[in-house]
Amino acid sequence: MTVKPGWTGRFLEDFEVGDIYEHPLGRTITSTDNSWFTLLTQNTAPLHFDHHYARQTAFGRPLVNSCLTLSVVTGQSVTDVSQNVFANLEWAEVRMPHPVFEGDTLYSRSEVLGVRPSSSRADVGVVEVRTTGYNQDGTVVVIFRRTLLVYRRGHSPQRPVPAVDA
């Protein structure tokens, strides 16, 4: 039997400006997701959790909390962009051109905009990406730039691998 390592993410040396990563997982947003996230973040806007109230708005139904949309799409990008993150530095130019509704499925992709060594830390570098989230119809629902520090190969903390009895 041959044990093969799983995907451990990209290190600074693996990023090239212009690369586009189609993130592999979609996520359908449920009413429970929307209510729990809204309550967890103490957002009191009834548009996110009161269906009767939301039916009276121009949307006619609850809107998904925009911070949930941002969080899910950021999370979808981790596998390709920030599995080996040292720290997030910035989310910028966040735009939400189309609402997300309960029952929508989100997908995403990221484009590498910049890669450079850190000027203050030899073990990491700065990566900037533009991530686009879209729904099941291909409609863009969120676009943002994210800047993060990513470990150089050989400088990240080691993941513990426990012994497994065969």
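**Helix packing, cores and salt bridges in a predicted model**

Y53 lies in helix α2, residues 51–55. Helices (H or I, at least four residues) and strands (E, at least two) are DSSP runs, numbered from the N terminus. The model is predicted: local features need pLDDT of at least 70, side-chain atom pairs count only at pLDDT 80 or more, and totals for chains, interfaces and linings use all residues. Residues are numbered from 1 along each chain as its sequence is written, and side-chain values use heavy atoms, with hydrogens and water left out.

Y53 counts as partly exposed, at 39% relative accessibility. Buried means under 20% relative accessible area, exposed over 50%, and partly exposed in between (1.4 Å probe, protein chains only). Leaving aside neighbours within four places in sequence, Y53 is in contact with P46 and L47. Contact here means heavy atoms within 4.5 Å. Y53 and C67 are 14 residues apart in sequence. Their C-alpha atoms are 20 Å apart in space.

The chain has three helices and six strands. Along the sequence these follow the pattern β-β-α-α-α-β-β-β-β. The C-alpha trace spans about 55 × 45 × 30 Å along its principal axes. Of the 166 residues, 39% count as buried. Among contacts between residues at least 6 apart in sequence, 72% join residues at least 24 apart. The accessible surface comes to about 9700 Å². Carbon and sulfur atoms account for 54% of this surface. Accessible areas come from the Shrake-Rupley method with a 1.4 Å probe; for residues, only the protein chains shown count as cover.

The largest nonpolar core has eleven residues: I29, F37, V64, L68, V72, V73, V100, L106, V141, V142 and F144. Helix α3 (66–82) and strand β6 (140–151) are the elements that give two or more residues to this core. A second, separate core of nine residues includes F15, V81, V127 and V150. A nonpolar core is a set of buried Ala, Val, Leu, Ile, Met, Phe, Trp, Tyr and Cys residues joined through side-chain atoms within 4.5 Å.

Helix α1 comprises residues 31–40 and contains D33. D33, N34, S35, F37 and T38 are buried in α1. The buried residues of α1 pack against β2 (27–28) and α3. Q42 follows α1 and has a positive phi, near 60 degrees. Beyond four places in sequence, D33 touches R27, T28 and L68. The side chain of D33 makes a polar contact with that of R27 (2.7 Å). A polar contact is a pair of N or O atoms within 3.5 Å; within protein, one must be able to donate a hydrogen and the other to accept it, and residues adjacent in sequence count only if both atoms are side-chain atoms.

D33 and R27 also form a salt bridge, with the closest N and O atoms 2.7 Å apart. R27 is partly exposed, with a relative accessible area of 35%. A salt bridge is a side-chain nitrogen of Lys or Arg within 4 Å of a carboxyl oxygen of Asp or Glu. The structure holds ten salt bridges.

Another salt bridge joins R130 to E111, with the closest N and O atoms 3.4 Å apart. R130 lies in strand β5 (residues 124–134) and E111 in strand β4 (residues 105–117), so the pair ties together parts 19 residues apart in sequence. R130 is partly exposed at 34% relative accessible area, and E111 is partly exposed at 28%. R121 and D123 meet in a salt bridge through their side chains (3.3 Å, N to O). R121 counts as partly exposed at 32% relative accessibility, whereas D123 counts as buried at 18%. E13, D14, R152 and R153 are linked in a network of salt bridges.

W91, V94 and M96 make a nonpolar surface patch of about 250 Å². Patches are made of residues with over 30% relative accessible area and no salt bridge: like charges are joined within 9 Å, nonpolar side chains (Val, Leu, Ile, Met, Phe, Trp, Tyr) within 5 Å. V94 lies in strand β3, residues 85–95. At 37% relative accessibility, V94 counts as partly exposed.
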